[in-house]
Amino acid sequence: MTFSYLKFNLPIPVVHISESECETDTGENSVKYDIGGKPRKHKSEVKELHGTDTDEKPYSCNKCGRTFNFCAPFKIHMRIHTGERPYSCKTCGKAFTRSDKLLCHMRTHTGEKPYLCNTCGKRFTDQSACKRHTAIHTGEKPHICNICGRRFVEKSDLNIHLTSHVGEKQHSCETCGKSFRHINKLLCHMRIHTGEKPFVCNTCGKRFTDPSGFKKHTTIHTGEKLHSCETCGKSFRHTSTLVCHKRTHTGERPFLCITCGNRFISNSNLKSHMRTHTGEKPYSCQTCGKDFTQSTTLKQHMRSHTGEKPYSCETCGRNFARSDKLLRHMRSHTGEKPYLLWQ
(Lines give C-alpha, C1' and ligand atoms only; values in the text may rest on other atoms or scores of the structure.)
Protein backbone atom coordinates (compact mmCIF):
# COMPACT_ATOMS: atom_id res chain seq x y z
CA MET A 1 0.00 0.00 0.00
CA THR A 2 1.36 3.41 -0.98
CA PHE A 3 1.33 6.13 1.68
CA SER A 4 -0.49 9.27 0.50
CA TYR A 5 0.38 12.72 1.82
CA LEU A 6 -2.77 14.06 0.18
CA LYS A 7 -5.07 11.55 1.85
CA PHE A 8 -4.00 12.60 5.34
CA ASN A 9 -3.80 16.31 4.39
CA LEU A 10 -0.07 16.44 5.08
CA PRO A 11 2.38 18.82 3.31
CA ILE A 12 4.19 17.26 0.36
CA PRO A 13 7.94 17.09 1.10
CA VAL A 14 10.24 19.05 -1.22
CA VAL A 15 12.65 16.67 -2.90
CA HIS A 16 16.11 17.98 -3.81
CA ILE A 17 16.70 16.05 -7.01
CA SER A 18 19.45 16.15 -9.58
CA GLU A 19 18.78 16.43 -13.29
CA SER A 20 20.01 12.88 -13.95
CA GLU A 21 17.39 11.48 -11.54
CA CYS A 22 14.55 13.03 -13.52
CA GLU A 23 13.41 10.60 -16.23
CA THR A 24 10.37 12.37 -17.67
CA ASP A 25 10.34 13.81 -21.17
CA THR A 26 11.29 17.50 -21.38
CA GLY A 27 9.38 18.25 -24.58
CA GLU A 28 7.29 21.35 -24.19
CA ASN A 29 4.16 19.46 -25.29
CA SER A 30 4.87 16.39 -23.16
CA VAL A 31 2.39 14.83 -20.72
CA LYS A 32 2.68 16.09 -17.11
CA TYR A 33 3.11 13.59 -14.25
CA ASP A 34 1.87 13.69 -10.67
CA ILE A 35 3.78 12.69 -7.53
CA GLY A 36 2.89 9.02 -7.99
CA GLY A 37 4.04 8.99 -11.61
CA LYS A 38 0.56 8.92 -13.16
CA PRO A 39 0.01 11.09 -16.27
CA ARG A 40 -2.01 14.25 -15.75
CA LYS A 41 -2.79 16.52 -18.71
CA HIS A 42 -5.04 19.30 -17.42
CA LYS A 43 -5.04 21.74 -14.51
CA SER A 44 -8.65 20.71 -13.77
CA GLU A 45 -7.42 17.20 -13.04
CA VAL A 46 -4.84 18.63 -10.63
CA LYS A 47 -7.57 20.54 -8.83
CA GLU A 48 -9.75 17.42 -8.71
CA LEU A 49 -6.89 15.36 -7.28
CA HIS A 50 -5.96 17.85 -4.57
CA GLY A 51 -9.43 19.16 -3.87
CA THR A 52 -8.14 22.74 -4.41
CA ASP A 53 -5.31 24.38 -6.34
CA THR A 54 -2.02 23.76 -4.55
CA ASP A 55 1.18 25.76 -4.30
CA GLU A 56 3.23 22.69 -3.31
CA LYS A 57 6.18 22.20 -5.64
CA PRO A 58 8.00 18.93 -4.93
CA TYR A 59 10.97 19.41 -7.30
CA SER A 60 13.64 21.75 -5.97
CA CYS A 61 16.81 22.92 -7.74
CA ASN A 62 19.82 22.29 -5.48
CA LYS A 63 21.71 25.13 -7.24
CA CYS A 64 19.41 28.13 -6.73
CA GLY A 65 16.49 26.77 -4.69
CA ARG A 66 13.78 27.32 -7.30
CA THR A 67 10.94 24.79 -7.06
CA PHE A 68 8.71 23.14 -9.68
CA ASN A 69 5.47 21.17 -9.80
CA PHE A 70 6.72 18.71 -12.41
CA CYS A 71 9.94 17.04 -13.43
CA ALA A 72 9.89 18.20 -17.07
CA PRO A 73 10.14 21.97 -16.42
CA PHE A 74 12.59 21.21 -13.62
CA LYS A 75 14.90 19.43 -16.06
CA ILE A 76 14.63 22.33 -18.54
CA HIS A 77 15.55 24.73 -15.73
CA MET A 78 18.64 22.69 -14.80
CA ARG A 79 20.09 23.43 -18.25
CA ILE A 80 20.58 27.03 -17.09
CA HIS A 81 23.12 25.76 -14.58
CA THR A 82 24.67 22.97 -16.66
CA GLY A 83 24.87 25.00 -19.87
CA GLU A 84 23.28 22.16 -21.85
CA ARG A 85 21.58 23.32 -25.08
CA PRO A 86 20.28 20.25 -26.89
CA TYR A 87 18.30 22.05 -29.62
CA SER A 88 20.51 23.41 -32.42
CA CYS A 89 19.69 25.54 -35.46
CA LYS A 90 20.74 23.68 -38.63
CA THR A 91 21.20 26.98 -40.46
CA CYS A 92 23.59 28.90 -38.15
CA GLY A 93 24.40 26.41 -35.41
CA LYS A 94 23.01 28.48 -32.53
CA ALA A 95 21.82 26.22 -29.69
CA PHE A 96 18.89 26.53 -27.28
CA THR A 97 17.68 24.95 -24.04
CA ARG A 98 14.11 24.56 -25.30
CA SER A 99 12.57 23.44 -28.59
CA ASP A 100 10.06 26.33 -28.67
CA LYS A 101 12.95 28.83 -28.44
CA LEU A 102 14.59 27.11 -31.41
CA LEU A 103 11.32 27.33 -33.35
CA CYS A 104 11.11 31.11 -32.74
CA HIS A 105 14.75 31.50 -33.75
CA MET A 106 14.21 29.61 -37.02
CA ARG A 107 11.76 32.31 -38.06
CA THR A 108 14.64 34.83 -38.17
CA HIS A 109 15.99 32.76 -41.08
CA THR A 110 12.67 32.04 -42.83
CA GLY A 111 11.26 35.54 -42.30
CA GLU A 112 8.04 34.08 -40.93
CA LYS A 113 6.16 36.41 -38.54
CA PRO A 114 2.90 34.65 -37.63
CA TYR A 115 1.83 36.96 -34.79
CA LEU A 116 0.00 40.11 -35.90
CA CYS A 117 -0.83 43.29 -33.98
CA ASN A 118 -4.49 44.01 -34.84
CA THR A 119 -4.05 47.71 -34.09
CA CYS A 120 -1.09 48.73 -36.28
CA GLY A 121 -0.43 45.63 -38.38
CA LYS A 122 3.11 45.03 -37.13
CA ARG A 123 4.12 41.36 -37.18
CA PHE A 124 6.27 39.34 -34.80
CA THR A 125 8.16 36.04 -34.76
CA ASP A 126 7.01 35.03 -31.27
CA GLN A 127 3.86 35.46 -29.21
CA SER A 128 5.48 37.12 -26.17
CA ALA A 129 6.98 39.92 -28.31
CA CYS A 130 3.57 40.52 -29.88
CA LYS A 131 1.94 40.61 -26.45
CA ARG A 132 4.46 43.17 -25.19
CA HIS A 133 3.90 45.31 -28.28
CA THR A 134 0.10 45.33 -28.06
CA ALA A 135 0.38 46.66 -24.50
CA ILE A 136 1.76 49.87 -26.05
CA HIS A 137 -1.65 50.45 -27.64
CA THR A 138 -3.88 49.16 -24.84
CA GLY A 139 -1.76 50.21 -21.86
CA GLU A 140 -2.81 46.96 -20.19
CA LYS A 141 -0.40 45.69 -17.53
CA PRO A 142 -2.32 43.15 -15.45
CA HIS A 143 0.54 41.89 -13.26
CA ILE A 144 1.19 44.18 -10.26
CA CYS A 145 4.07 44.15 -7.78
CA ASN A 146 2.48 44.07 -4.31
CA ILE A 147 5.54 45.80 -2.82
CA CYS A 148 6.00 48.92 -4.98
CA GLY A 149 2.90 48.85 -7.22
CA ARG A 150 4.80 48.65 -10.50
CA ARG A 151 2.82 46.95 -13.27
CA PHE A 152 3.96 44.48 -15.94
CA VAL A 153 2.63 43.05 -19.17
CA GLU A 154 3.73 39.48 -18.42
CA LYS A 155 4.00 37.50 -15.20
CA SER A 156 7.57 36.46 -16.04
CA ASP A 157 8.58 40.16 -16.01
CA LEU A 158 6.95 40.58 -12.61
CA ASN A 159 8.80 37.54 -11.22
CA ILE A 160 12.12 38.97 -12.39
CA HIS A 161 11.25 42.37 -10.89
CA LEU A 162 10.33 40.86 -7.50
CA THR A 163 13.91 39.72 -6.96
CA SER A 164 14.99 43.40 -7.00
CA HIS A 165 13.24 43.82 -3.63
CA VAL A 166 14.97 40.80 -2.12
CA GLY A 167 18.42 42.27 -2.78
CA GLU A 168 20.12 38.86 -2.99
CA LYS A 169 22.54 38.40 -5.88
CA GLN A 170 23.37 34.71 -6.02
CA HIS A 171 24.88 34.49 -9.53
CA SER A 172 28.56 35.52 -9.49
CA CYS A 173 31.05 36.00 -12.31
CA GLU A 174 34.05 33.71 -11.82
CA THR A 175 36.31 36.14 -13.70
CA CYS A 176 35.71 39.44 -11.85
CA GLY A 177 33.43 38.47 -8.96
CA LYS A 178 30.53 40.75 -9.93
CA SER A 179 27.18 39.33 -8.79
CA PHE A 180 23.74 39.34 -10.42
CA ARG A 181 20.19 38.50 -9.38
CA HIS A 182 19.37 36.75 -12.66
CA ILE A 183 21.36 34.07 -14.48
CA ASN A 184 20.64 35.68 -17.88
CA LYS A 185 22.25 38.93 -16.69
CA LEU A 186 25.32 36.97 -15.66
CA LEU A 187 25.49 35.25 -19.05
CA CYS A 188 25.33 38.63 -20.83
CA HIS A 189 28.00 40.00 -18.50
CA MET A 190 30.33 37.05 -19.20
CA ARG A 191 30.44 38.10 -22.85
CA ILE A 192 32.33 41.24 -21.77
CA HIS A 193 35.20 38.95 -20.80
CA THR A 194 34.90 36.53 -23.72
CA GLY A 195 34.25 39.21 -26.36
CA GLU A 196 31.29 37.22 -27.69
CA LYS A 197 28.65 39.33 -29.46
CA PRO A 198 26.01 36.91 -30.81
CA PHE A 199 23.36 39.48 -31.76
CA VAL A 200 23.95 40.99 -35.21
CA CYS A 201 22.13 43.90 -36.85
CA ASN A 202 21.17 42.80 -40.38
CA THR A 203 21.18 46.43 -41.55
CA CYS A 204 24.65 47.67 -40.53
CA GLY A 205 26.37 44.57 -39.18
CA LYS A 206 26.95 45.95 -35.69
CA ARG A 207 27.12 43.23 -33.04
CA PHE A 208 25.81 43.18 -29.45
CA THR A 209 26.35 41.15 -26.30
CA ASP A 210 22.73 41.23 -25.13
CA PRO A 211 19.32 41.19 -26.87
CA SER A 212 18.03 44.37 -25.21
CA GLY A 213 20.91 46.46 -26.57
CA PHE A 214 20.37 44.88 -29.98
CA LYS A 215 16.62 45.68 -29.99
CA LYS A 216 17.26 49.29 -28.98
CA HIS A 217 19.79 49.64 -31.80
CA THR A 218 17.45 48.34 -34.52
CA THR A 219 15.02 51.22 -33.88
CA ILE A 220 17.77 53.60 -35.08
CA HIS A 221 17.30 52.21 -38.59
CA THR A 222 13.50 51.99 -38.53
CA GLY A 223 13.08 55.43 -36.93
CA GLU A 224 10.16 54.04 -34.96
CA LYS A 225 9.18 56.15 -31.91
CA LEU A 226 5.97 54.76 -30.42
CA HIS A 227 6.20 56.27 -26.94
CA SER A 228 5.00 59.87 -26.68
CA CYS A 229 5.03 62.33 -23.79
CA GLU A 230 1.49 63.51 -22.99
CA THR A 231 2.83 66.83 -21.68
CA CYS A 232 5.03 68.07 -24.53
CA GLY A 233 4.42 65.54 -27.31
CA LYS A 234 8.05 64.47 -27.63
CA SER A 235 8.39 60.86 -28.83
CA PHE A 236 10.84 58.17 -27.80
CA ARG A 237 11.89 54.75 -29.01
CA HIS A 238 11.82 53.15 -25.56
CA THR A 239 9.39 53.30 -22.63
CA SER A 240 12.28 53.59 -20.16
CA THR A 241 13.48 56.79 -21.88
CA LEU A 242 9.94 58.19 -21.80
CA VAL A 243 9.64 57.45 -18.06
CA CYS A 244 12.90 59.34 -17.39
CA HIS A 245 11.80 62.21 -19.64
CA LYS A 246 8.49 62.65 -17.77
CA ARG A 247 10.50 63.37 -14.62
CA THR A 248 11.80 66.55 -16.27
CA HIS A 249 8.19 67.79 -16.14
CA THR A 250 7.28 66.47 -12.69
CA GLY A 251 10.62 67.31 -11.07
CA GLU A 252 10.80 63.81 -9.62
CA ARG A 253 14.34 62.58 -8.90
CA PRO A 254 13.95 59.19 -7.21
CA PHE A 255 17.61 58.09 -7.32
CA LEU A 256 19.62 59.38 -4.35
CA CYS A 257 23.41 59.54 -3.96
CA ILE A 258 24.05 58.41 -0.37
CA THR A 259 27.47 60.13 -0.42
CA CYS A 260 26.56 63.74 -1.25
CA GLY A 261 22.74 63.79 -1.31
CA ASN A 262 22.32 64.72 -4.98
CA ARG A 263 19.29 63.19 -6.67
CA PHE A 264 18.87 61.99 -10.27
CA ILE A 265 16.06 61.17 -12.69
CA SER A 266 17.53 57.79 -13.70
CA ASN A 267 19.59 55.00 -12.20
CA SER A 268 22.13 55.28 -15.03
CA ASN A 269 22.72 58.95 -14.20
CA LEU A 270 23.23 58.02 -10.55
CA LYS A 271 25.75 55.31 -11.48
CA SER A 272 27.70 57.75 -13.64
CA HIS A 273 27.67 60.30 -10.82
CA MET A 274 28.90 57.76 -8.24
CA ARG A 275 32.12 57.42 -10.23
CA THR A 276 32.98 61.02 -9.34
CA HIS A 277 33.22 59.81 -5.74
CA THR A 278 34.92 56.45 -6.38
CA GLY A 279 37.24 57.69 -9.14
CA GLU A 280 36.30 54.64 -11.23
CA LYS A 281 36.87 55.00 -14.98
CA PRO A 282 35.76 51.72 -16.56
CA TYR A 283 35.79 52.85 -20.20
CA SER A 284 39.22 52.84 -21.85
CA CYS A 285 40.32 54.07 -25.28
CA GLN A 286 42.04 51.18 -27.07
CA THR A 287 44.00 53.65 -29.22
CA CYS A 288 45.66 55.90 -26.60
CA GLY A 289 44.73 54.25 -23.31
CA LYS A 290 42.86 57.23 -21.85
CA ASP A 291 40.13 56.25 -19.33
CA PHE A 292 36.63 57.69 -18.96
CA THR A 293 33.78 57.50 -16.45
CA GLN A 294 31.05 57.27 -19.10
CA SER A 295 30.71 55.29 -22.33
CA THR A 296 29.30 58.37 -24.13
CA THR A 297 32.42 60.38 -23.24
CA LEU A 298 34.60 57.58 -24.61
CA LYS A 299 32.52 57.52 -27.79
CA GLN A 300 33.03 61.28 -28.24
CA HIS A 301 36.75 60.90 -27.58
CA MET A 302 37.11 58.14 -30.19
CA ARG A 303 36.06 60.63 -32.85
CA SER A 304 39.31 62.53 -32.20
CA HIS A 305 41.09 59.45 -33.54
CA THR A 306 38.69 58.48 -36.33
CA GLY A 307 37.89 62.02 -37.49
CA GLU A 308 34.18 61.19 -37.50
CA LYS A 309 31.87 64.21 -37.36
CA PRO A 310 28.28 62.95 -37.38
CA TYR A 311 26.54 66.23 -36.54
CA SER A 312 25.95 68.44 -39.58
CA CYS A 313 24.66 72.03 -39.84
CA GLU A 314 21.67 72.12 -42.20
CA THR A 315 22.36 75.77 -43.02
CA CYS A 316 26.03 75.73 -44.11
CA GLY A 317 26.91 72.02 -44.11
CA ARG A 318 29.69 72.28 -41.53
CA ASN A 319 30.20 69.06 -39.52
CA PHE A 320 30.93 68.57 -35.84
CA ALA A 321 32.04 65.70 -33.61
CA ARG A 322 29.69 66.66 -30.78
CA SER A 323 26.04 67.76 -30.69
CA ASP A 324 26.72 70.60 -28.22
CA LYS A 325 29.31 72.04 -30.62
CA LEU A 326 26.72 72.00 -33.41
CA LEU A 327 24.18 73.71 -31.15
CA ARG A 328 26.67 76.47 -30.33
CA HIS A 329 27.47 76.89 -34.03
CA MET A 330 23.78 77.14 -34.99
CA ARG A 331 23.51 80.31 -32.90
CA SER A 332 25.89 82.02 -35.36
CA HIS A 333 23.09 81.66 -37.94
CA THR A 334 20.12 82.45 -35.69
CA GLY A 335 21.77 85.26 -33.73
CA GLU A 336 20.53 83.70 -30.49
CA LYS A 337 22.45 84.77 -27.36
CA PRO A 338 21.06 82.74 -24.45
CA TYR A 339 23.74 83.69 -21.94
CA LEU A 340 23.41 87.18 -20.46
CA LEU A 341 26.60 88.82 -19.18
CA TRP A 342 25.96 90.99 -16.12
CA GLN A 343 27.99 94.15 -15.81
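Of the 343 residues in the protein, 24% are buried, where buried denotes under 20% relative accessible area, exposed over 50% and partly exposed in between, with a 1.4 Å probe and protein chains only. The structure is a predicted model, in which local features need pLDDT of at least 70 and side-chain atom pairs count only at pLDDT 80 or more, whereas totals for chains, interfaces and linings use all residues. Residues are numbered from 1 along each chain as its sequence is written, and side-chain values use heavy atoms, with hydrogens and water left out.

The secondary structure comprises 11 helices and 23 strands; helices (H or I, at least four residues) and strands (E, at least two) are DSSP runs numbered from the N terminus. The accessible surface amounts to about 24100 Å², of which carbon and sulfur atoms account for 50%; areas were computed by the Shrake-Rupley method with a 1.4 Å probe, and for residues only the protein chains shown count as cover. Among contacts (heavy atoms within 4.5 Å) between residues at least 6 apart in sequence, 15% join residues at least 24 apart.

Helix α9 spans residues 267-278. Its 12 residues reach 16 Å from the first C-alpha to the last, close to the 16 Å expected at 1.5 Å a residue, the expected span being 1.5 Å times one less than the number of residues. The buried residues of α9 are Leu270, Ser272, His273 and Arg275, and their cover includes strands β18 (255-256), β19 (263-264) and β20 (283-284). Just after α9, Gly279 adopts a positive phi of about 80 degrees.

Ser88 lies in strand β6 (residues 87-88) and is partly exposed, at a relative accessible area of 41%. When residues up to four places away in sequence are not counted, Ser88 touches Lys94, Ala95 and Leu102. A distance of 9.6 Å separates the C-alpha atoms of Ser88 and Arg98, which are 10 residues apart along the chain.

Side chains of opposite charge can pair when their charged atoms come close. With a salt bridge defined as a side-chain nitrogen of Lys or Arg within 4 Å of a carboxyl oxygen of Asp or Glu, the count comes to 7. One of these joins Arg79 to Glu84 at 3.8 Å, N to O; Arg79 is buried at 5% relative accessibility, while Glu84 is partly exposed at 34%. Another links Arg107 and Glu112, at 3.8 Å, with Arg107 buried at 10% and Glu112 partly exposed at 42%. Arg191 and Glu196 likewise form a salt bridge at 3.8 Å; Arg191 is buried at 15%, and Glu196 is partly exposed at 42%.
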